[in-house]
Amino acid sequence: MLDRRIMIAAAALALSGGPALAAGVPAGVVQGDMSLGDPKAKVHVTEYASASCPHCARFDQEVWPAFKKKYVDTGRVYYTLKEFLTPPQEVAAAGFLIARCGGKAKYFPILDGVFRSQAEWTSDSVREPLLKVAKAHGLTEAQVDACTSDEAALKALNARFEAAMGKDGVRSTPTFDINGQRIEGETDLATLDAAIAKARSAAAGPAASQRKGR
């Protein structure tokens, strides 16, 4: 689906993450990141994920629905997904580019479909399962081909990946940052609950801790 030229060849790309975002957006969110929830939330959860990562797919299916309902939909957490590329990297890139093809409104639903389609991937064909996901969200084959061969989009994706490895020091997926606390590898809702509670307590400051102790 993708020319191998677009793989991780952009080692010289800038790691700045692009133009600054609007005031009020949490630190660490850069141009092109996909986020959900209230930017003013005291807790910011960042997930580094790869569209070809089976562990990320498991999180998407087994943990994400409850996490989203409990924290993102209630405005308690601002969630950001940062795109990472793991083998097969060209497939991961295709998954992200197809998700972006649907625009911001469809990005997360399409990416969820990409994760779920992993069970249908074979050594002979990944294209057909990905096309099936795209078409289920109203995209045509021509649109998919255009999106996955968009040089500007490919360059931007490589830049985000290089920034995640270089500036952010990420080496595997999934990796989570919760207000600076890092959790690497598969995790469950209970682990995230504890990290978020710790982050909320720290964000409340010393005064809140003193009031609680009285």
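Predicted model: local features only at pLDDT ≥ 70, side-chain atom pairs only at ≥ 80, totals over all residues.
1. Tyr-79 and its setting. Tyr-79 sits in strand E3, which spans residues 77-83. With a relative accessible area of 2%, Tyr-79 falls under the 20% cut-off and therefore counts as buried.

2. Contacts of Tyr-79. Setting aside neighbours within four places in sequence, Tyr-79 touches Met-34, Ser-35, Leu-36, Val-45, Glu-47, Trp-64, Phe-67, Val-72 and Phe-108. One of these, Glu-47, is also joined to Tyr-79 by a polar contact of 2.6 Å between the side chains. Thr-46 is 33 residues away from Tyr-79 along the chain, yet the C-alpha atoms of the two are separated by 5.8 Å.

3. Aromatic pairs. The model has 9 aromatic pairs. In one of them, Trp-64 and Tyr-79 are tilted, with 4.6 Å from centre to centre and 45° between the planes. Trp-64 belongs to helix H2 (residues 64-72) and Tyr-79 to strand E3, so this pair ties together parts 15 residues apart in sequence.

4. Trp-64 and Phe-108. Trp-64 is buried as well, at a relative accessible area of 11%. Its ring and that of Phe-108 have centres 6.4 Å apart and planes at 20°; planes under 30 degrees apart count as stacked, so this pair is stacked. Trp-64 in helix H2 and Phe-108 in helix H4 are 44 residues apart, and their pair links distant parts of the chain. Phe-108 counts as buried, with 15% relative accessibility.

5. The ring cluster. Which residues do ring pairs link into a cluster? They are Trp-64, Phe-67, Tyr-71, Tyr-79, Tyr-107 and Phe-108.

6. Helices H3 and H4. Helix H3 covers residues 89-101 and helix H4 residues 104-117. Their axes come within 7 Å and cross at roughly 145°, and the crossing is right-handed. On the H3 side, the contact is made by Gly-95, Phe-96, Ile-98, Ala-99 and Arg-100. Lys-106, Tyr-107, Ile-110, Leu-111 and Val-114 meet them from H4. By type, the residues of this contact are 7 nonpolar, 1 polar and 2 charged.

7. Where the two topics meet. Tyr-107 is part of the H4 side of the contact with H3, and Tyr-107 is also a member of the ring cluster.

Terms used. Residues numbered from 1 in each chain as written. Heavy atoms only, no water. Axes fitted to C-alpha atoms, helices over the stretch in contact; angles between N-to-C directions. Helix = DSSP H or I, 4+ residues; strand = E, 2+ residues; numbered from the N terminus. Left-handed = near helix turned anticlockwise from the far one by under 90°. Contact = heavy atoms within 4.5 Å. Nonpolar A, V, L, I, M, F, W, Y, C, P; charged D, E, K, R; others polar. Buried < 20%, exposed > 50% of the residue type's maximum accessible area, 1.4 Å probe, protein only. Polar contact = N/O pair within 3.5 Å; in protein donor to acceptor, adjacent residues only side chain to side chain. Phe/Tyr/Trp six-rings, centres within 6.5 Å; stacked < 30°, edge-to-face > 60°.
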